[in-house]
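Here is a short report on one structure.

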Amino acid sequence: LTMNMLAYSKPRRPTLELTNVPHVLNECLELVKHAAADKKVTLLTEISTTQPPIPIDADGIHQAVLNLLGNAIDAVPANRGVVTLKAEYIAVSQTTIIEVQDNGVGIPEQDLQRIFVPFFSTKGQKGTGLGLAVTRKIVEEHSGKIEVISKVGQGTTFRISLPMNPPAP
């Protein structure tokens, strides 16, 4: 919560360094594996290990992916939930794609328009409404984009696209 508050409220310029994205994603998985195990949620990975290092602020992407994984674990049913973390490098577009998919409740159409609005939450008292706003801010600081595909009762996919050569600030 503190990290999300700081990331949202404080203007910053990301410190871009060539980074091994699979390493960052595996660190995120390590941090959420106990929460997933407690809820008996299956964590699956499809992370290409042949990706070249890309210029990212590792701490920022770490936080963005953690937010998405945490939301996915919250959204899936106990004992039969599945959360998948995927990553691949698309050479043609020189873009890294990171996806977090879940088989959870999905996001109603009327809420899709507001999920990135700060302090909007569908979790009631459990959520602050900052996680997705911060995630979008971090992705945009990398000149990337974030998309969401969701079907109520079937699950949600968040897709982050990060360019290999972001424009100069």
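## The sheet

An open sheet is built from 5 strands in the order β2-β4-β5-β7-β6, with mixed pairing. Strands count as paired if DSSP finds at least two bridges between them. β2 (42–47) and β6 (145–151) have a single partner strand each and stand at the edges, so one side of each has no neighbour in the sheet. On average, neighbouring strands are turned by 10 degrees against each other, direction ignored.

β6 pairs with β7 (residues 155–163) in the antiparallel sense, over 7 bridges. K145 stands opposite S161 of β7. In general, strands of a sheet pair through backbone hydrogen bonds, either parallel or antiparallel.

## Basis of the model

This is a predicted model: local features need pLDDT of at least 70, side-chain atom pairs count only at pLDDT 80 or more, and totals for chains, interfaces and linings use all residues. Residues are numbered from 1 along each chain as its sequence is written, and side-chain values use heavy atoms, with hydrogens and water left out.

Helices (H or I, at least four residues) and strands (E, at least two) are DSSP runs, numbered from the N terminus.

## Helices across the sheet

Helix α2 (residues 21–39) lies across β2, β4 (82–90) and β5 (95–102). α2 runs at about 175 degrees to β2. Helix α5 (residues 131–141) lies across β6 and β7, at about 140 degrees to β6. Axes are lines fitted to C-alpha atoms, for helices over the stretch in contact; angles run from 0 to 180 degrees between N-to-C directions.

## T19

T19 is found in strand β1 (residues 17–19). T19 counts as buried because its relative accessibility is 13%. Buried means under 20% relative accessible area, exposed over 50%, partly exposed in between (1.4 Å probe, protein chains only).

Leaving aside neighbours within four places in sequence, T19 is in contact with V24, P53, I54, I56 and A58. Contact means heavy atoms within 4.5 Å.
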